[in-house]
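Dear colleague,

Please find below the structure that I am handing over to you.

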Amino acid sequence: MKGKGITFKLGLAITIIILVVLIPLGYVINHVLQNYFIAKAYEDLSLQCQRLVDLITNDELNASSMVVNTMKITNNHVMLLDPSGKTVVQSNPEEHVHEMISAEDWMTLQSGSFIKKQITNTSPHFILVGQPIIYNEKFSGSILILSSTEGITESIVQVRKFVGLSVLGAILLALAFTLVFVRKFSNPLIEMEKATRRIAKGDLTVKVEETSTDELGSLAQAINDLAKDLKRFQDTRSEFFSSISHELRTPLTYIEGYVQLLNTETWEDKEQRKQMVHIISSETKRLKGLVNDLFDLAKFEEGKFELTLEWIDLIEVIDNAMDYVNLRAENKGIQFILHEENIPLLFLDGNRMQQVFINLLDNAIRYTKDGTITITLSNEESFVQIEVQDTGIGIPEEELPFIFDRFHRVEKSRSREHGGTGLGLAIVKRLVELQGGTIGVTSQTGEGTTFTIEFPLS
Ligand code: ADP
C-alpha cells in the first residue's frame with residue numbers, strides 16, 4: 001500500500017516535470033517552425049513572382065499566358081493584371097483574388113513596390129505575394145501569386161504529432177522507470193517497517209537484511225543495532241530485577257532471623273548479642289545504600305536530579321572520600337598514593353563529587369586483592385584531569401563499552417560476591433556528565449583499571 005503511494009507520488013512528480021519542460025518546448029518549436037515555413041514560402045513566391053515579371057518585361061505580354069499556364073503545375077494561383085487592375089489572365093478563374101487585395105495594396109503596387117501578406121479569414125489560409133511590372137519606367141500591370149498554407153499547416157501538424165508522441169513516450173518511460181526504481185527502494189523499506197513493528201511488539205530477535213551500502217543500508221543497520229541494544233537492555237534489566245530481589249532478600253532474611261533470635265532467647269553472652277546487633281546494623285546499612293542508589297537512578301530517569309553547585313577544592317573532596325573508605329583499604333592491606341598539582345577551585349556539587357570518588361575508590365578496593373590505589377590530579381590548562389588507578393583484577397576488554405550501563409555487571413557472580421549491585425558506575429557517569437565533565441576507563445585484566453575524569457576549566 002505504502003509502495004504504491006510512493007510510486008504514485010514519484011510518477012506524478014516526474015510526469016509534471018516532463019510536462020512542464022516539454023509543453024513550453026513544444027510551443028516554442030511550433031512557433032519557430034511556423035515562422036520559418038511562412039518566411040520560406042514568402043521567399044519562394046517572391047522569387048517566382050520576380051521571375052515572371054522578368055519574363056513578361058522581356059517578352060511583352062505574349063509570354064504571359066504560357067507562363068501562367070505553366071504556373072498551374074505548382075498548385076499556386078497566378079494572376080496577371082493590367083495597369084488599371086483588371087485581370088488579363090489567371091490560372092484559376094474561381095479564386096477571387098481581387099477581394100483579397102485592399103486599396104492600400106493596390107496603391108503600393110502602383111507605386112512600384114511589392115506586397116506580401118497572409119490571408120487568415122479564409123479556409124484554408126493563404127499567402128499572397130504581388131509584384132509590379134515596370135515597363136519603360138512605366139507601371140504596366142502586376143503579377144500576383146496566391147498560395148495556400150495547407151502544406152505548411154500539415155507539416156506543423158506532423159511536428160506537433162511528433163512532439164506529442166515524444167511527450168507520451170517520455171512519460172511512459174519515466175513511469176516504467178519509476179515503477180522499477182520504487183520497487184527496488186520500497187521493498188526494503190516495507191521490510192524495515194515490518195521489522196520495527198515487530199520490535200515494537202517486543203520481538204527483539206528481528207534482523208533486517210543489510211543489502212546495500214547506501215542510506216537504506218545504514219537504516220537497516222540502525223534498526224538491527226536498535227534491536228540488539230534493546231535486547232541487551234532487556235536482558236540486563238531482567239537480570240537486574242532478579243539480582244535486586246536477591247540483594248534485598250538476603251539482608252532482610254538476615255535481619256529477620258537475628259531479630260527473631262534476639263526476641264526469643266535471653267542473652268547472657270553480651271558479646272554474642274553485640275555481634276548480632278552489628279550484623280543487623282551492617283545489613284541495614286547495605287539495604288539503605290541500595291535503596292539510595294535506586295532512588296538516585298529514579299531521579300535521573302525523571303530528569304529531576306538537583307545539584308548544589310559551588311566553588312569547591314577537589315583535593316579536599318578526594319581527601320574526605322579517602323578517609324571514608326580508608327578502614328576497608330587498610331583491612332585489605334591496600335595503600336593510597338596521591339599525586340596532586342596546583343588545581344584551581346571548580347564550580348561543582350561537593351557532596352555529589354564525594355559520592356563519585358567514594359564509588360570509584362570503593363570499587364578499586366573491592367576489585368583489588370592487595371596493592372595500591374593511585375589518585376593523580378593534573379591541571380591541563382583547559383581542563384582538570386583526575387585519574388583513579390588500581391592494581392586489581394581488571395575488566396575484560398569486551399566488557400569495557402558496557403561498564404557504565406545501568407544494571408551491567410562483569411561476570412554476574414563477580415560483584416555479588418564482592419557486594420556490589422551494578423549501579424555504582426552508572427550513577428558515577430551520570431553525576432560527572434551532569435556537572436559538565438567526562439569519564440572514561442582503560443583496563444588490563446590481571447593488571448589493573450584506571451578511571452579518568454575530566455572537567456573543563458572554561
Ligand atoms: P558494582 O556495584 O557491581 O561494583 P559498578 O557499577 O560500580 O557496580 O561496577 C560495574 C562492574 O564493573 C562491576 O560489577 C565490576 O565487575 C566492574 N568494576 C568496576 N570497577 C572496577 C575496578 N576498579 N576493577 C575491576 N572491575 C571493576
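A salt bridge is a side-chain nitrogen of Lys or Arg within 4 Å of a carboxyl oxygen of Asp or Glu. This is a predicted model, in which local features need pLDDT of at least 70 and side-chain atom pairs count only at pLDDT 80 or more, while totals for chains, interfaces and linings use all residues. Residues are numbered from 1 along each chain as its sequence is written, and side-chain values use heavy atoms, with hydrogens and water left out.

In total, the structure holds 13 salt bridges. One of them joins lysine 117 to aspartate 105, with 2.6 Å between the closest N and O atoms. This pair links distant parts of the chain, since lysine 117 lies in strand β3 (residues 115-119) and aspartate 105 in helix α3 (residues 103-110), 12 residues apart. Helices (H or I, at least four residues) and strands (E, at least two) are DSSP runs, numbered from the N terminus.

The two partners also differ in exposure, for which buried means under 20% relative accessible area, exposed over 50%, and partly exposed in between (1.4 Å probe, protein chains only). Lysine 117 is partly exposed at 22%, whereas aspartate 105 is buried at 11%.

A further salt bridge connects lysine 40 and aspartate 44 (3.6 Å, N to O). Both residues belong to helix α1 (residues 2-59) and stand four residues apart, about one turn of the helix. Lysine 40 is partly exposed at 36%, and aspartate 44 is partly exposed at 34%.

Yours sincerely
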